[in-house]
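Thank you all for coming this morning. I would like to walk you through one structure slowly, so please have the sequence and the picture open as I go.

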Amino acid sequence: MEKLVEQFLSYIAMDTMSDGRSDTVPSTAKQLKLAERLRDELLELGLEATMDQYGYVYGSLAGNVDQEVPVIGFISHMDTSPALGGECKNPRILSYEGGDIRLNDKIVMTEEEFPALKALHGKTLITTDGTTLLGGDDKAGIAEIMDALEYLVAHPEIKHGKIAVGFTPDEEIGAGADHFDVEAFGAKFAYTLDGGEEGEFEYENFNAASALIKIQGKSVHPGSAKNMMINSMYVGMELEQMLPKAQRPEHTEGYEGFFMLNEIRGTIDYTEMDYLVRDHDREKFEKKKELMRDTVDYMNKKYGGILELDMKDSYYNMREMVEPHKEIVELALDSMKQLGITPLVKPIRGGTDGSRLSYMGLPCPNLFVGDYHPHGRFELVAIEEMRNASALIVEIARRFCAQTTGEV
């Protein structure tokens, strides 16, 4: 088995699920096991590597040219989504020739439901057994960075400047950049490897906010509840119905934003509702937040002030920070073309560490990793696309060095 695949399989077997309810950093101690392993693997390759108190791993490969070349970086996250178990111990590897994929006796991934499969005919896929996430988001990115570094170490004839790498915890809960040390990282710009299909390249993402709505109901015995009981769950359901149904994720695409009820926990007496608010357009984003506030205010007037809204911005569209540095966009696109990869420039319908990092002074677009259907049991990766992502890292480093030193 090739090293890239072997490492990927070993990474996804480790449970690194993050926890949005935790107040520790990282949010789960189990992420530290992967962090320690990655630090040690970087050291074994001969790179400089450290792991800080928060579980962030930083490494650097020294340049091999005499001229001064600005440092470039590559970043991936270690945690997996809390949406489903992330300890993938029974992955399947199959040569895919089309048709439906049976994950287990009960769960089938069909081409009708997952049309991306049609473009994967003839490729070698790694899937789940239908009971967990795969973890390609974002352990495919980690494996590709490690593979590219190993290749560069083994091929000193490929000239490059200093390359910085970073592996972050807690990206899936929006905290991946919270303690990232941009100054110590030392890169002029970077790329996250946290995208999807081959060729995907993104330097736009949602503006994002989270909204927690707390509803204090009034619980009394149902036998004597008339004109007294206030069922907090009913109030929450009513509020949800007031938000525009056409602006739910399942009805939107491209640049269209949404409101998403992410989680609801409730009893008659008390209910909490977690919402995600998203839009690429900053003005529309602010209007969505205003609508959320107005809806809560209306419900408070109706029910006597029993609702409380805590809404916080999570991250903003990185386009504003990346566009002044279009040369790093062109570098990635030209490198893809050199490798015969057709670029697919599109907005991220989500976020990535790069969006926060771009506002922290590190312009950071996002590259593909060959991962499909993340955050669920239907997640898969295409090995051929993982190889190309690794090759893209090498080509970006080579091309940037050549451009800087005047060899191109």
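Let me begin with a term: a residue is called buried when its relative accessible area is under 20%, exposed when that is over 50%, and partly exposed in between, using a 1.4 Å probe and protein chains only. What you see is a predicted model, in which local features need pLDDT of at least 70 and side-chain atom pairs count only at pLDDT 80 or more, while totals for chains, interfaces and linings use all residues. Residues are numbered from 1 along each chain as its sequence is written, and side-chain values use heavy atoms, with hydrogens and water left out.

Which residues of helix 8 are buried? They are Ile328, Val329, Leu331, Ala332, Leu333, Ser335 and Met336. Among the elements that cover them, by contact (heavy atoms within 4.5 Å), are strand 9, strand 10 and helix 10. After helix 8 comes Gly340, which has a positive phi, near 80 degrees.

Rings of Phe, Tyr and Trp (its six-membered ring) pair if their centres lie within 6.5 Å, and planes under 30 degrees apart count as stacked, over 60 as edge-to-face and the rest as tilted. By this rule there are 12 aromatic pairs. In one of them, Phe189 and Phe400 sit edge-to-face, 5.1 Å centre to centre with 90 degrees between the planes. Phe189 is in strand 9 and Phe400 in helix 10, so this pair links parts of the chain 211 residues apart. Phe189 is buried at 4% relative accessibility, and Phe400 is buried at 11%. Elsewhere, Tyr56, Tyr58, Phe180 and Phe185 make up one aromatic cluster.

Finally, the charged side chains: a salt bridge is a side-chain nitrogen of Lys or Arg within 4 Å of a carboxyl oxygen of Asp or Glu. The whole structure holds 25 salt bridges. Arg356 and Asp178 form one of them, with their closest N and O atoms 2.7 Å apart. Because Arg356 lies in helix 9 and Asp178 in the loop between strand 8 and helix 4, the pair ties together parts that are 178 residues apart in sequence.

Key
Helices (H or I, at least four residues) and strands (E, at least two) are DSSP runs, numbered from the N terminus.
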